[in-house]
Amino acid sequence: MRTQREELVDAAVELLERDGVQALSARNLATKLGTSTMAVYTHFGSMAGLMDAVGNAALSRFTESLAHVPPTDDPVADFLVMGLAYRRFALSNPQRYQLIFGTETPQPILEVRADVTVSGSPTDRPEWAVSFEGLHAVVRRMIAAGRIRDEGSLATAARLWTLCHGAVTLEMAGFFGNEG
C-alpha cells in the first residue's frame, strides 16, 4: 500500500511534467489529491522538503536511465551510448530534466548543486552524484585506453558533460534535431 507521502511525491511529479516547475505549490498539490495543504507540511515540513523529494524522484529516474548502459570493451562507444541515454531522458522527460539541470530550478534544489570544477562533484549529496560519477568513470577508462588525451579526468568529464548538455538543450529549444 502506498503512503500519503509517496502519493504526494507522485502527484507533484505529475504536476511538474504536465505544467512545469511553476505549478508546484502546496495548494495545487492538495487540489490534485483532494486533501489539505497541511498534508504537504505534515510529510515534508515545507515546500522545500517537497521539492527535495521531487528532485530525488527526478534524479533517481535520470540515474536509472544512465545505469542501463552496460559497459563494453570500448569506453568511447560506452560514452556515446551514455550520451544518447542522457538525450533520450531529456527529450522524454523535459520538465524533470529542467528541474534537475535548468536555470529556473527551485532554490531547494539549487542549494545542493556544487561547482564540479572545485568540488569534483556536481552536488554535495552522494545519491545525486551517481550519474556524474558514471561519466567520470567512463572518461577515466577512455584515458586509460589511450583513446583521449589525459588533461585530467575531472576536467575532461566536465567538458564532455557540457558538450552533451549544450547539444541537448539546444535541441530542446528547437535549434536543431527537427529534420531527423
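**Close-up 1. Tyr97 and Phe101 both lie in helix 6, 4 residues apart, or about one turn of the helix.** The model shown here and in the other views is predicted. Both Tyr97 and Phe101 are buried. By the pairing rule used, the count comes to 8 aromatic pairs.

**Close-up 2. Phe132 and Trp161 form a tilted aromatic pair.** The ring centres of Phe132 and Trp161 are 5.6 Å apart and the planes stand at 55°, so the pair counts as tilted. This pair links distant parts of the chain: Phe132 belongs to helix 9 (residues 130-144) and Trp161 to helix 10 (residues 153-172), 29 residues apart. Phe132 has a relative accessible area of 6% and is therefore buried. Trp161 has 21% relative accessibility, so Trp161 counts as partly exposed.

**Close-up 3. Seven residues are shown as one aromatic cluster: Phe62, Tyr86, Phe89, Tyr97, Phe101, Phe132 and Trp161.** The cluster includes Tyr97 and Phe101 from helix 6. Phe132 and Trp161 also belong to the cluster.

**Close-up 4. Helix 1 (residues 4-19) crosses helix 6 (residues 94-101) at roughly 100°.** The axes of helix 1 and helix 6 come within 7 Å. On the helix 1 side, the contact is made by Val13, Leu16 and Glu17; on the helix 6 side, by Pro94, Gln95, Arg96 and Leu99. By class, the contact of helix 1 with helix 6 has 4 nonpolar, 1 polar and 2 charged residues.

Conventions:
Residues are numbered from 1 along each chain as its sequence is written. This is a predicted model: local features need pLDDT of at least 70, side-chain atom pairs count only at pLDDT 80 or more; totals for chains, interfaces and linings use all residues. Side-chain values use heavy atoms; hydrogens and water are left out. Axes are lines fitted to C-alpha atoms, for helices over the stretch in contact, and angles run from 0 to 180 degrees between N-to-C directions. Helices (H or I, at least four residues) and strands (E, at least two) are DSSP runs, numbered from the N terminus. Contact means heavy atoms within 4.5 Å. Ala, Val, Leu, Ile, Met, Phe, Trp, Tyr, Cys and Pro count as nonpolar, Asp, Glu, Lys and Arg as charged, and the others, Gly among them, as polar. Rings of Phe, Tyr and Trp (its six-membered ring) pair if their centres lie within 6.5 Å; planes under 30 degrees apart count as stacked, over 60 as edge-to-face and the rest as tilted. Buried means under 20% relative accessible area, exposed over 50%, partly exposed in between (1.4 Å probe, protein chains only).
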